[in-house]
Number of protein chains: 2
Amino acid sequence: VKTGMRRVAMIGAGMIPFGEHFAMGWDEMIQRAYLAALDSVDKGLPTGDIDGGFLGCCRPGLHGQQTQGGVALASTLGLRGIAASRIEDGCPTGSETVRVGAMAVASRWNDVVVVVGYEKMRDATTEGLLGIALEGHPVHNRGETSLVYFAPQARAHMELYGTTAEQMAMVSVKNHRNGALNPLSHHGDSGLTVEQVLDSPMVCDPIRLLDCCPQTDGAACVILAGEEVVDRYTDKPVWLLGAGNGTDAYWMHEKDSLTSYAATRRAAEKAYAMAGLGPSDVEMVELHDCFSIMEIITTEDLGLAEPGGGGKLVESGRTEIGGDLPVSPSGGLLSKGHPLGATGVAQMVEVFSQLRGDVAAESPERQVAFRRGIAMQHNAGGKAIGNSIVTLWGQQKP
Amino acid sequence: VKTGMRRVAMIGAGMIPFGEHFAMGWDEMIQRAYLAALDSVDKGLPTGDIDGGFLGCCRPGLHGQQTQGGVALASTLGLRGIAASRIEDGCPTGSETVRVGAMAVASRWNDVVVVVGYEKMRDATTEGLLGIALEGHPVHNRGETSLVYFAPQARAHMELYGTTAEQMAMVSVKNHRNGALNPLSHHGDSGLTVEQVLDSPMVCDPIRLLDCCPQTDGAACVILAGEEVVDRYTDKPVWLLGAGNGTDAYWMHEKDSLTSYAATRRAAEKAYAMAGLGPSDVEMVELHDCFSIMEIITTEDLGLAEPGGGGKLVESGRTEIGGDLPVSPSGGLLSKGHPLGATGVAQMVEVFSQLRGDVAAESPERQVAFRRGIAMQHNAGGKAIGNSIVTLWGQQKP
């Protein structure tokens, strides 16, 4: 981390099962995620020690929780009085909320901060949600959905680099297999085959139904603490090594490439620089695979594969849980689901559980074997990725 | 500021005239505010030095700018690539966005951060905006608007402390007179009388039309920098001394008082503690006077008047620009307007201009005379004030 920057660690992390929660309000969802995170703090956390809170949610208005989400957070979790507010950043909302929470601790404004991300995607018109998330410019994008942006990127990557539909399908097969080992995943099919993906309905050529993440309700919570107080709460903190937020053009037609995301390259560069690390140090990635092509392009932009080499990377088996560079052992967005505000926070939950070795107890096959204990997390969104967040976490204090 | 915390200063601040901007899109509004802030940086700021940005806006979806406001900010201001996101916190959105921007600098994540707040309140259904801002609980608040919360508080304050309608009217008269001296204010009537306020239509007893702030479009921008780089850009920085965010219950019926705001007391306590200052050090306040009763209650909660003494404080003349404790020399929300996301940022613009003495050049009658050079800013919102932000700023580096 930068000279003079206070170190920040995750001392707790938890989430509710992702899926369809028609019977659970947003308030119960965030309460359950918070309680799961509290439960994970091995030495216990007196809740009076929490002095700040940040809520990540894209469109709280769609399901009854409106503006001033910070107050809703503090009030709903029994933390009335703390400093609190809401962060919104499109699909990477959850990760940005954790990044801002880390700033609150690193700046010494707060010692212990609770970060909660949630989204209800099933109750209200999710078409409206995603359509609105992609803005309503009067000329540029009437009638466009996410796939209208990602499909030409997939096609361009296939044309330029020879990436195949089979390679995209392999991403989906791997992540569904991982998700089947994760009891908190929305979907998960350990027996899904490449053929089944290739036989699934074409949604927007060349992206098929099983190349797409589901629409999911979810909530997740992490608790961050400053270096001087970490030991009070846990013997197994997970340290923040670096975090970068990179932006790119808002509109698709302003971008300089269809086959690489400048926002991701910028976010990764910032995170690597802050951590003093490079791609070869990364031992595991939770990656924003909203569509299978995203994992292929993003492994390249994170420096984990050569440009154009993302398809071959998944083919190599290295990104399996047993490989040397597991990608999305949680199941990723493709299997676990993508409740916008919760997604990034849930990725941190997986990083936390994996780096602490907690996954082994519940699902040994899903536990990643670390060498130095360094994991990466990536969350992105907007039209052809206008914003990307990359974080690096480690078992050892930086 | 706290031990080990990096000092943060405003190096630039600017805003567009508040008012009705039917002919100006949100993008042009934030561009103009940003250019005004850049213009105020006396040694100049190469825009390539800006490495972070935060956008404050409550309901961007109401007027065409949707989620991922950080990308919209970076892209619209020609700052593609910087770290950026959006903060939402109801009525104090703007102040919380500045507080988060200050965290980004204080934590050393960024050296120079641009913070922009805006809201378009006139284009779309503002009734919808405010109704939605107050949430849609199925039982507690159907059909309620802001006044339904503030009117009983005004009545309770009158009953408990003998506060009068005349004292409330004096707040409005003072702030309209101040606003008439501010070319950027939405309204402003230097000749408004207490009688005129008392003769204005009753909106929700005991609050009359001229006790209410107008519905206003606006945008404002401040630029923050870390202590090591401040000198590159200005010889007249305005230093952040303290900032507190306090929350209270979400629902009116959960609150413990109608005549005092716990969120404001908590925010003030945090800001004073961080700054090592107390109420007697404050020489000027920009205060959230959405209704005239708010200034009366809030001067008490900030410790600037005894409990119940807010009415007498305005009567005393001390809160006039020429008094020893000017309150809202900008005109306040009552005159200048209250475009939610912009309000807090615009209050910082006033603090910046006043502490630097810049107001004197344009409007000598409006310039506050400082002794030690310490100003306070207060911004609050939600049902009966669920959240409050208080900041303290100074001419001298803390």
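# A walk through helix packing, aromatic pairs and buried residues

Let's start in chain A, where helix α5(A) passes α10(A) in a left-handed crossing. The residues that make this contact are Phe150(A), Gln153(A), Ala154(A), His157(A) and Tyr161(A) on the α5(A) side, and Ile293(A), Met294(A), Ile296(A), Ile297(A) and Glu300(A) on the α10(A) side. The two helices, α5(A) and α10(A), pack at an angle of about 60°, and their axes are 10 Å apart. Because of that angle, α5(A) counts as oblique to α10(A).

Before going further, a word on confidence. This is a predicted model, with an ipTM of 0.95 and a pTM of 0.96. For chain A the mean pLDDT is 93, and 93% of the residues reach 70 or more. The stretch to treat with care is residues 133-140 of chain A, where the pLDDT is below 50. In the model, that stretch still has 23 contacts beyond near neighbours in sequence.

Now back to Phe150(A), one of the α5(A) residues in the helix contact. What else does the ring of Phe150(A) pair with? Across all chains the structure holds 6 aromatic pairs, and one of them joins Phe150(A) to Phe291(A). The centres of these two rings are 5.0 Å apart with 45° between the planes, a tilted arrangement. The partners come from distant parts of the chain, 141 residues apart: Phe150(A) belongs to helix α5 (residues 146-161) of chain A, while Phe291(A) sits in the loop between β9 (285-286) and α10 (292-301) of chain A. Is Phe150(A) buried or exposed? Its relative accessibility is 5%, so Phe150(A) counts as buried. Phe291(A) counts as buried too, because its relative accessibility is 8%.

For another aromatic pair, turn to chain B. Tyr250(B) and Trp251(B) are arranged edge-to-face, at 5.4 Å centre to centre and 75° between the planes. Tyr250(B) and Trp251(B) are both buried.

Helix α6 (residues 165-180) of chain B packs on helix α10 (residues 292-301) of chain B at an angle of about 100°, with 8 Å between the axes. That angle is why α6(B) is described as roughly perpendicular to α10(B). On the α6(B) side the meeting residues are Gln167(B), Met168(B), Val171(B), Ser172(B), Lys174(B) and Asn175(B); on the α10(B) side they are Ser292(B), Ile293(B), Glu295(B) and Ile296(B).

Next comes helix α2 (residues 69-76) of chain B. How many of its 8 residues are buried? The count is 8 of the 8, so α2(B) is largely enclosed by the rest of the structure. After α2(B) comes Gly78(B), with a positive phi near 70°.

The last stop is Met29(B), found in helix α1 (residues 26-40) of chain B. Its relative accessible area is 0%, so Met29(B) is buried. Which residues does Met29(B) touch, leaving aside those up to four places away in sequence? They are Ile16(B), His21(B), Met24(B), Glu119(B), Lys120(B), Asp217(B), Gly218(B) and Ala219(B). Ala220(B) is 191 residues from Met29(B) along the chain, yet the C-alpha atoms of the two are separated by 8.5 Å.

Note on methods: Residues numbered from 1 in each chain as written. Chains lettered and ligands numbered in written order. Predicted model: local features only at pLDDT ≥ 70, side-chain atom pairs only at ≥ 80, totals over all residues. Heavy atoms only, no water. pLDDT = per-residue confidence, 0-100. Contact = heavy atoms within 4.5 Å. Phe/Tyr/Trp six-rings, centres within 6.5 Å; stacked < 30°, edge-to-face > 60°. Helix = DSSP H or I, 4+ residues; strand = E, 2+ residues; numbered from the N terminus. Buried < 20%, exposed > 50% of the residue type's maximum accessible area, 1.4 Å probe, protein only. Axes fitted to C-alpha atoms, helices over the stretch in contact; angles between N-to-C directions. Parallel < 35°, antiparallel > 145°, perpendicular 65-115°, else oblique. Left-handed = near helix turned anticlockwise from the far one by under 90°.
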